[in-house]
Number of protein chains: 2
Amino acid sequence: MVDSNASIDTVFRALGEPTRLRMIQELSRGERTIGDLAEPLDMTLAGASKHIGVLEQAGLLTREKRGRERVCRLRPEALLAARDWTQKYSAFWNDRLDALDAAIREQDDE
Amino acid sequence: MVDSNASIDTVFRALGEPTRLRMIQELSRGERTIGDLAEPLDMTLAGASKHIGVLEQAGLLTREKRGRERVCRLRPEALLAARDWTQKYSAFWNDRLDALDAAIREQDDE
DNA sequence: GTTACTATCAACCATATGGTTTAGTATTTC
DNA sequence: GAAATACTAAACCATATGGTTGATAGTAAC
């Protein structure tokens, strides 16, 4: 189980925006500058910068100053936290079946 | 890989709200009526109903009319789709290591 | 049939969000 | 040093979101 400093709803909220999802997908292929990310989205640098800010606050990426550019790099931890959360609550049905199994087995033992 | 009728960003957006996250957690323990969900959140029925609508649209739950109540039931498919997405893009680092491995192996073969 | 209960709908409100533009700060290039 | 590049900050705007209240509809209970 991985934990992120940002709370899980912040991560989900950051991901709940098509533009930012595409940024994540792009970043999954490697490091990108703000300009790299803005260009295919047909968006101003300022706009892209704000989106990156949201993703950074959610812990989904880091921004490193390199010369006059900012290089963004994906941070798997936050994505893994989201995966763990969804895994946990999508498993509820299996858990309940497991509990049912256990209850039946216990009954059989009596 | 599980697919949901709602697009993945809709699922994330639905989850990106603390109130709705708590509803999901509550629902993971079993079926709940709108009233059941509204009460611990100190929220009007109308407010809860709107949240449930968002979750329903995202495919995260179903609402069934039963007498004068509506019974909500979690639908794992959407959560699994979110899990798969986050899994895929959090694995980017492993993927790149795998690619590196492959490249090195190929070099060794020459 | 009347009354109470559960939920939805519509209207409304305050605030958040996603975008822009304009201006400003570093940094690189010439 | 001057000009161009990459980005951020601030102000602003339109729309979305999260909540309420009040009215209405269907169901249950008496």
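Across the interface of chain B and chain A in this predicted model, 6 residue pairs are found in polar contact, both partners having pLDDT 80 or more. On the side of chain B that touches chain A, the elements that contribute two or more residues are α1 (8-15), α2 (18-27), α5 (76-90) and α6 (92-109) of chain B. The largest share of that side comes from α5(B), which supplies 10 residues. Sorted by class, the side of chain B that touches chain A consists of 14 nonpolar, 7 polar and 5 charged residues. Although charged residues are present on this side, the count of salt bridges between chain B and chain A is 0.

The contact draws 26 residues from chain B and 26 residues from chain A. Between them the two chains bury about 2600 Å², and 71% of this area is on carbon and sulfur atoms.

**Aromatic rings**

Over all chains, the structure holds 5 aromatic pairs. A pair of aromatic rings is described by the distance of the centres and the angle of the planes. Two of the pairs involve Phe12(B) and are set out below.

| Ring pair | Distance of centres | Angle of planes | Class |
|---|---|---|---|
| Phe12(A) and Phe12(B) | 6.1 Å | 25 degrees | stacked |
| Phe12(B) and Trp85(B) | 5.6 Å | 80 degrees | edge-to-face |

Why is the pair of Phe12(A) and Phe12(B) classed as stacked? The planes of these two rings stand at 25 degrees, and because planes under 30 degrees apart count as stacked, the pair falls into that class. This pair crosses between chains, running from Phe12(A) in helix α1 (residues 8-15) of chain A to Phe12(B) in helix α1 of chain B. Are these two residues buried or exposed? Phe12(A) counts as buried at 0% relative accessibility, and Phe12(B) is likewise buried, with a relative accessible area of 0%.

The pair of Phe12(B) and Trp85(B) has its planes at 80 degrees, and it is edge-to-face because that angle is over 60 degrees. Since Phe12(B) lies in helix α1 of chain B and Trp85(B) in helix α5 of chain B, the pair ties together parts that are 73 residues apart in sequence. Trp85(B), at 10% relative accessibility, also counts as buried, because the value is under 20%. Ring pairs link Phe12(A), Trp85(A), Tyr89(A), Phe12(B), Trp85(B) and Tyr89(B) into a cluster.

**Build of chain A**

The secondary structure of chain A comprises 6 helices and 3 strands, which follow one another along the sequence in the pattern α-α-β-α-α-β-β-α-α. Chain A has 110 residues, of which 44% count as buried. Among the contacts in chain A with a separation of 6 or more, 54% are accounted for by residues 24 or more positions apart.

**A strand residue in chain B**

Thr33(B) is located in strand β1 (residues 32-33) of chain B. With a relative accessible area of 12%, Thr33(B) is buried. Leaving aside residues up to four places away in sequence, Thr33(B) touches Glu69(B) and Arg70(B).

Methods: Residues numbered from 1 in each chain as written. Chains lettered and ligands numbered in written order. Predicted model: local features only at pLDDT ≥ 70, side-chain atom pairs only at ≥ 80, totals over all residues. Heavy atoms only, no water. Contact = heavy atoms within 4.5 Å. Buried area = accessible area lost by both parts, 1.4 Å probe. Salt bridge = Lys/Arg side-chain N within 4 Å of Asp/Glu carboxyl O. Polar contact = N/O pair within 3.5 Å; in protein donor to acceptor, adjacent residues only side chain to side chain. Helix = DSSP H or I, 4+ residues; strand = E, 2+ residues; numbered from the N terminus. Nonpolar A, V, L, I, M, F, W, Y, C, P; charged D, E, K, R; others polar. Phe/Tyr/Trp six-rings, centres within 6.5 Å; stacked < 30°, edge-to-face > 60°. Buried < 20%, exposed > 50% of the residue type's maximum accessible area, 1.4 Å probe, protein only.
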